[in-house]
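Please have the sequence and the model open while reading.

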Amino acid sequence: MRDKKYVLTEQDMPRQWYNIMADMPTPMEPPLHPGTGQPCGPEDLAPIFPMNLIEQEVSTQRWIDIPEEVLDKYAIWRPSPLYRAHNLEKTLDTPAKIYFKNEGVSPAGSHKPNTALAQAYYNKVAGTKKITTETGAGQWGSALAMCCSFFGIECKVFMVKISYNQKPYRRLMMETWGANCTASPSNETRAGRSILEKDPDSPGSLGMAISEAVEEAVSDDNTKYALGSVLNHVMIHQSIIGLEAIKQMKMAGDYPDIIIGSAGGGSNFAGLAMPFALDKINGRDIDIIAVEPTSCPTMTRGPFAYDFGDTVQMTPMLPMHTLGHNFVPAPIHAGGLRYHGMAPIVSQLILDNIVRPVSIHQIETFKAGFTFARSEGFISAPECNHAIAIAIREALKAKEEGKEKTILFNWSGHGLVDLAAYEAYMRGNLSDHELPQEQIDAALNDIAALPKPQQAT
Ligand SMILES: Cc1ncc(COP(=O)(O)O)c(C=O)c1O
């Protein structure tokens, strides 16, 4: 029988996270204070985050020890298995070898607990009593809810309204783990009320939900805010995915020519790809592809600029690819990919030609999700279908060119709570959304007056 899974034991689990900031070809530009426009110091971030996480955010140390208590709880779902997708290869009749890292084995069903656990732990150590956050499809909110429950921290989640209505089960998961979940924009915060005044029917966006969560955090000394993607410390925590995958690809006797991840804020993509990206920085030929929806084309159509992380301009300005903090994407089912910005680390690596961004329409991603489910069995989160669709495109290209490529993608989460989206596809009720340039230009107008990074595009 052929090997299907490459499985590590708890003892093989990496003991340190990898921080690519130690190895970036171009150093990152600093975040800027939302009021003064000057580089942010650690004290500027202190009302939002605990100091131990702020230290990680600015760290250029290559390896960061994973605390014993975090390792202990990682062991609930880590190490995660690496699979060889023999059945998908056969369906596609491709000479390509396809591997995927299964991050859907966590109790919350996605990669998000890898950082939720670390963030809850560091907050606990710092004495935080309550954490607020935003969530799109509910994957991040449910991950944080679970990890806060492990450490006895209160958790409050602002969930983007369109997803709150589309995905009631994720809200129930959050409540099961003891969190309080509110549809955003809400009447509970000044930010929410100001948005609702202008547009009472707003479907919400991640940028709006972040404004609400940050506002609630800064109004109480014992409350902090947690972000599920975008920031450097999140990318560091997620590196455990790629570090395990390096060991597992070795077990399989292979090395990827192509690495693929879907990218909302960039964390599951970076988590898998960054430990391999070090080899690319050192000269190895790897095609590292970040996939986004055509209806929210942050990397492929957004400039590299300074922008706020949220709609109401409370967060520091980050140097990143962005569509503007007022951009509201079409209500596609991949709620976790509906974010106007991209992680500064990923953005910088695009400028340095280490990462190649591509965009894809919703219907092709669902078609890929069905092909995957009917060959490998697993039903994928809509976000994850973006990675699968590009893996399929690359495998078919390898067939056309007669090349035996090795493809590795991140299976970032299961879609068992996203079946309404699968139903919409099967009933012919899904559509692709063309995004007119004027809509992007209008949203970018709102950042025209902000400071510009040196490498502004
Ligand atoms: C399953 C899954 N994959 C991917 C993403 C995209 O987020 P990120 O780019 O931070 O990995 C999300 C976000 O919610 C998600 O739930």
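## An enclosed helix

Helix α16 is largely enclosed by the rest of the structure, because 14 of its 20 residues are buried (under 20% relative accessible area with a 1.4 Å probe, protein chains only); helices here are DSSP runs of H or I of at least four residues, and strands are runs of E of at least two, numbered from the N terminus. Spanning residues 382-401, α16 reaches 29 Å from its first C-alpha to its last, close to the expected 28 Å, which is 1.5 Å times one less than its number of residues. Just after α16, G402 takes a positive phi of about 65 degrees.

## Basis of the values

This is a predicted model, in which local features need pLDDT of at least 70 and side-chain atom pairs count only at pLDDT 80 or more, while totals for chains, interfaces and linings use all residues. Residues are numbered from 1 along each chain as its sequence is written, and side-chain values use heavy atoms, with hydrogens and water left out.

## The largest pocket

A pocket is an open set of points on a 1 Å grid over the protein atoms alone, where a 1.4 Å probe fits, with protein on both sides within 12 Å along at least five of seven lines; lining residues have an atom within 4 Å of a point. The largest pocket has a volume of about 310 Å³, and of its 21 lining residues M21, M28, E29, E57 and N232 lie nearest its centre.

## The second largest pocket

The second largest pocket holds about 200 Å³ of space. Its lining includes S194, K198, D199 and H325, and helix α9 (residues 190-198) gives the largest share, 3 residues.

Methods. Grid points are joined across faces, edges and corners, and a volume is the space filled by probe spheres set on the points. Buried means under 20% relative accessible area, exposed over 50%, partly exposed in between (1.4 Å probe, protein chains only).
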